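Here are my notes on the two-chain model you asked me to look over. Have it open while you read, and go through the points in order.

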There are 2 protein chains.
Amino acid sequence: MNNYAVIVAGGSGSRMQSAIPKQFLLLEGLPVLMHTVYRFYESMPDIRIILVLPADQFHYWEELCATHSFRVPVQLVQGGNTRFDSVKRGLEKAGNTGIIGVHDGVRPLLSGELITRLYSEATEKGNAVPCLELSDSLRRVGSDSNHPEDRSCYRLIQTPQCFGAGFLKAAYQVDFQSFFTDDASVAEHAGARIHLVPGEASNLKITTPFDLEIAGVLLKNRPLLRRKVL
Amino acid sequence: MNNYAVIVAGGSGSRMQSAIPKQFLLLEGLPVLMHTVYRFYESMPDIRIILVLPADQFHYWEELCATHSFRVPVQLVQGGNTRFDSVKRGLEKAGNTGIIGVHDGVRPLLSGELITRLYSEATEKGNAVPCLELSDSLRRVGSDSNHPEDRSCYRLIQTPQCFGAGFLKAAYQVDFQSFFTDDASVAEHAGARIHLVPGEASNLKITTPFDLEIAGVLLKNRPLLRRKVL
């Protein structure tokens with residue numbers, strides 16, 4: 001029985017004020033996406049990694065692999081126009097048994113402990129979705145007003161979001177709905193009850209230059225995550 | 001006409017796994033709270049700084065000021081049992097004109113630009129509250145279920161939260177309500193319409209060892225904020 005990681009990286013560099021898509025920006029000399037891929041390979045060497053990229057980035061990825069002597073085996077899949085389409089295409093390459101974790105390519109700093117814990121909890125409970133409590137107050141904003149919400153009732157949701165393979169593949173056999181913001185929302189629509197588990201503050205999503213700065217520092221301070229990649 | 005900063009620091013070290021209250025942990029050799037106080041002094045030298053501390057920390061603060069030759073003038077006020085009580089006591093020392101910004105003592109990395117912009121917007125609009133968009137998905141959790149929320153409808157709320165002095169002092173003349181999670185919620189209860197303005201990702205609240213690590217690095221990378229304090 002195989003487990004799978006569907007790693008989705010369709011971003012552009014727009015919010016980064018960079019011509020380079022954010023998944024290819026360098027973190028301690030290595031592209032963000034390679035860190036991400038390596039985290040899965042390192043913690044679960046038998047995992048099958050499905051990497052969903054825009055078709056026009058395949059060649060660049062292969063060049064980067066040559067440049068960095070990066071030899072972790074991944075299956076490249078052409079992304080769609082939306083995250084939903086991209087995940088759906090990635091899932092088509094996975095089998096029907098084992099656990100599939102769907103992960104943002106620009107979250108390179110998750111620990112191996114988080115990965116193995118999520119796959120293990122998903123095996124036991126059907127799914128596992130990492131989350132964090134909020135440390136700031138929260139407001140809901142409308143078109144011309146806003147009001148406070150009780151932050152203790154909310155969780156910030158991270159990835160990898162892990163599900164039984166057969167269930168998740170079936171769940172994605174639907175038309176896109178506007179409330180499909182992540183895999184948990186798709187699984188829920190198909191009847192799953194989402195099992196939230198504690199995530200990691202360091203498992204941040206790199207979307208701004210500030211995030212990249214933070215990630216660089218965190219990596220410097222974590223020799224384990226900086227270990228030479230193959 | 002004076003402007004005021006009511007800086008509230010009542011935290012213990014519990015979430016930090018530290019015996020030292022988090023406001024006194026060292027950031028680049030200087031206690032977190034001194035960085036915070038200095039940010040206001042540096043960007044608005046005429047501001048009156050009211051520092052609300054637990055009474056049993058007054059002596060320690062004074063020792064720290066001596067140790068670090070920290071001479072920014074602050075008025076010490078004894079904190080209450082809750083944040084609401086502490087702010088209320090701080091406000092009693094402020095005048096009725098000008099702008100009062102209420103700030104978390106453990107947010108030491110805000111820029112001078114943010115401070116002056118907030119006081120300026122509050123002068124113009126009556127209040128100004130800094131906020132950030134969410135980069136993670138959001139779920140609302142109940143006792144035995146959870147469901148997704150549209151993150152674009154929410155904002156994470158920071159401090160300093162700035163209000164006309166007379167208005168805020170009057171707004172705090174109420175009994176505590178469970179939905180008073182910050183100053184904006186108190187002001188709103190008194191009839192204010194909250195004016196949200198963009199905050200800063202680096203204006204983080206230090207509540208965990210991870211936050212302290214991030215703050216340390218950010219400070220290292222920002223010579224302007226590292227400048228010798230007096």
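1. How many residues of chain A are in contact with chain B, and how many of chain B with chain A? It's 40 residues of chain A against 40 residues of chain B, where contact means heavy atoms within 4.5 Å.

2. Before going further, some housekeeping. This is a predicted model, in which local features need pLDDT of at least 70, side-chain atom pairs count only at pLDDT 80 or more, and totals for chains, interfaces and linings use all residues. Residues are numbered from 1 along each chain as its sequence is written, chains are lettered from A in the order in which they are written, and side-chain values use heavy atoms, with hydrogens and water left out.

3. Back to the interface. Interface size is often given as the accessible area lost when the parts come together. Here chain A and chain B bury about 3800 Å² between them, counting the accessible area (1.4 Å probe) that the two lose on being put together, summed over both. Carbon and sulfur atoms account for 52% of that area.

4. On the charged side, there are six salt bridges between chain A and chain B, a salt bridge being a side-chain nitrogen of Lys or Arg within 4 Å of a carboxyl oxygen of Asp or Glu. One to click on joins A:Glu188 and B:Arg139, at 2.9 Å from N to O.

5. Which parts of chain A supply at least two residues each to the side that touches chain B? They are β8 (137-141), β9 (146-149), β10 (154-157), α6 (183-189) and α7 (209-220). These labels are DSSP runs numbered from the N terminus, with helices (H or I) of at least four residues and strands (E) of at least two. By residue type, that side of chain A splits into 16 nonpolar, ten polar and 14 charged; Gly counts as polar here, and Tyr, Cys and Pro as nonpolar.

6. β10 of chain A runs antiparallel to β8 (residues 137-141) of chain B, with four bridges joining them; two strands pair if DSSP finds at least two bridges between them. In this pairing A:Arg155 stands opposite B:Arg139, and B:Arg139 is also the salt-bridge partner of A:Glu188.

7. Check the cis peptide bonds. In chain A, the bond from A:Thr159 to A:Pro160 is cis, with omega near 5 degrees, and A:Pro160 is in the loop between β10 and β11 (161-164). In chain B, the bond from B:Thr159 to B:Pro160 is cis, with omega near 5 degrees, and B:Pro160 is in the loop between β10 (154-157) and β11 (161-164).

8. A:Ser69 has a positive phi near 50 degrees despite not being a glycine, and lies in the loop between α2 (58-67) and β5 (74-78) of chain A. A:Ser69 is partly exposed, at 33% relative accessible area (buried is under 20%, exposed over 50%, partly exposed in between, with a 1.4 Å probe and protein chains only). B:Ser69 has a positive phi of about 50 degrees and is partly exposed at 32%.

9. Is β4 of chain B enclosed or open? Five of the six residues of β4 (residues 48-53) are buried, so this strand is largely enclosed by the rest of the structure. Five bridges join β1 (residues 4-8) of chain B to β4, running parallel, with B:Tyr4 partnered by B:Arg48. Five bridges also join β4 to β5 of chain B, again parallel, and there B:Leu51 partners B:Leu76.
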